[in-house]
Amino acid sequence: TYMGLNDEAIACLKYHPEVVLISQSNHPNRLGEQRALVHQMMQEELKNPVVFFEHYAENEVENLQIKSAADMGALIFDGLCDGIFLLNQGSDGRISDKMVDATAFGILQAGRVRTSKTEYISCPGCGRTLYDLESTIARIKAATGHLKGLKIGIMGCIVNGPGEMADADYGYVGAGRGKISLYKKKECIEKNIPEEEAVEKLIELIKKNGDYHN
């Protein structure tokens with residue numbers, strides 16, 4: 001813990017730079033205390049790897065995802081840790097270890113430090129979205145969810161879509177009522193595809209470029 005980083009611990013870490021520090025916080029402001037620990041290490045010129053550990057007691061997956069992302073996300077974005085360790089012990093056991101692991105990998109991917117699954121970039125939809133965004137996302141995920149490391153942008157309209165998905169590998173963008181345009185990076189490959197054909201056309205485009213695998 002931050003309070004445990006006393007003179008004796010600092011001396012030990014300086015003598016053993018190979019030691020990995022696992023830091024846990026039970027403070028109401030976990031993020032602040034973890035950040036304080038790393039800043040203290042910086043002041044002492046300690047370069048030991050740091051893994052942040054947090055313990056949760058959640059019964060709903062969404063609660064675990066939100067709380068752990070809030071605790072860990074900013075630390076990852078700021079480059080203050082080398083790894084994260086999540087432990088959840090809910091009262092009813094509904095959240096499996098597999099779900100906890102998936103949450104941790106999701107946080108690492110969102111922080112751009114480790115890619116372990118397909119990433120989807122999507123807008124929330126607005127009055128310019130002239131197709132069923134939610135069902136389309138589900139169909140695209142079902143067809144491409146196994147393509148590790150690929151970024152796919154799914155955008156409601158041509159106005160903001162191309163800009164919002166600028167770093168995606170492929171883009172699926174609404175072009176008008178019932179019409180879709182497909183992108184490879186920032187280049188529009190095919191325009192005004194009928195909506196009922198567009199998901200299949202997207203898969204064909206990914207296959208054509210050698211990015212689709214079973």
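Buried means under 20% relative accessible area, exposed means over 50%, and partly exposed lies in between (1.4 Å probe, protein chains only). The model is predicted: local features need pLDDT of at least 70, side-chain atom pairs count only at pLDDT 80 or more, and totals for chains, interfaces and linings use all residues. Residues are numbered from 1 along each chain as its sequence is written, and side-chain values use heavy atoms, with hydrogens and water left out.

**View 1. The D92–R94 salt bridge.** The side chains of D92 and R94 meet in a salt bridge at 2.5 Å, N to O. A salt bridge is a side-chain nitrogen of Lys or Arg within 4 Å of a carboxyl oxygen of Asp or Glu. D92 counts as partly exposed because its relative accessible area is 39%. R94 is partly exposed at 48%.

**View 2. The whole chain.** The chain has 7 helices and 8 strands. These are DSSP runs numbered from the N terminus: helices are H or I with at least four residues, strands are E with at least two. The C-alpha atoms fill a box of roughly 70 × 40 × 35 Å along the principal axes. The radius of gyration is 22 Å, whereas a compact globule of 214 residues would have one near 17 Å. That radius is taken over C-alpha atoms, and the globule rule is 2.2 Å times the number of residues to the power 0.38. Buried residues make up 39% of the 214.

**View 3. The E44–K14 salt bridge.** The side chains of E44 and K14 pair at 3.4 Å, N to O. E44 lies in the loop between helix 2 (30-43) and strand 2 (50-56) and K14 in helix 1 (residues 7-15), so the pair ties together parts 30 residues apart in sequence. E44 is partly exposed at 26% relative accessible area. K14 is partly exposed at 48%.

**View 4. The R30–E54 salt bridge.** The closest N and O atoms of R30 and E54 are 3.5 Å apart. This pair links distant parts of the chain: R30 is in helix 2 and E54 in strand 2, 24 residues apart. Both R30 and E54 are buried.

**View 5. A salt-bridge network.** R112, E119, K151 and D167 are linked by salt bridges. The structure holds 12 salt bridges.

**View 6. A negative surface patch.** E190, E196, E197 and E204 form the patch. Patch residues have over 30% relative accessible area and no salt bridge; like charges are joined within 9 Å, nonpolar side chains (Val, Leu, Ile, Met, Phe, Trp, Tyr) within 5 Å. Helix 7 (residues 195-208) supplies the largest share, 3 residues. E197 lies in helix 7 and is partly exposed at 38% relative accessibility.

Methods
Areas by Shrake-Rupley, 256 points an atom, 1.4 Å probe, with all protein chains shown as cover. Lys, Arg positive; Asp, Glu negative; His and termini not counted. Charge placed at Lys NZ, Arg CZ, Asp CG, Glu CD.
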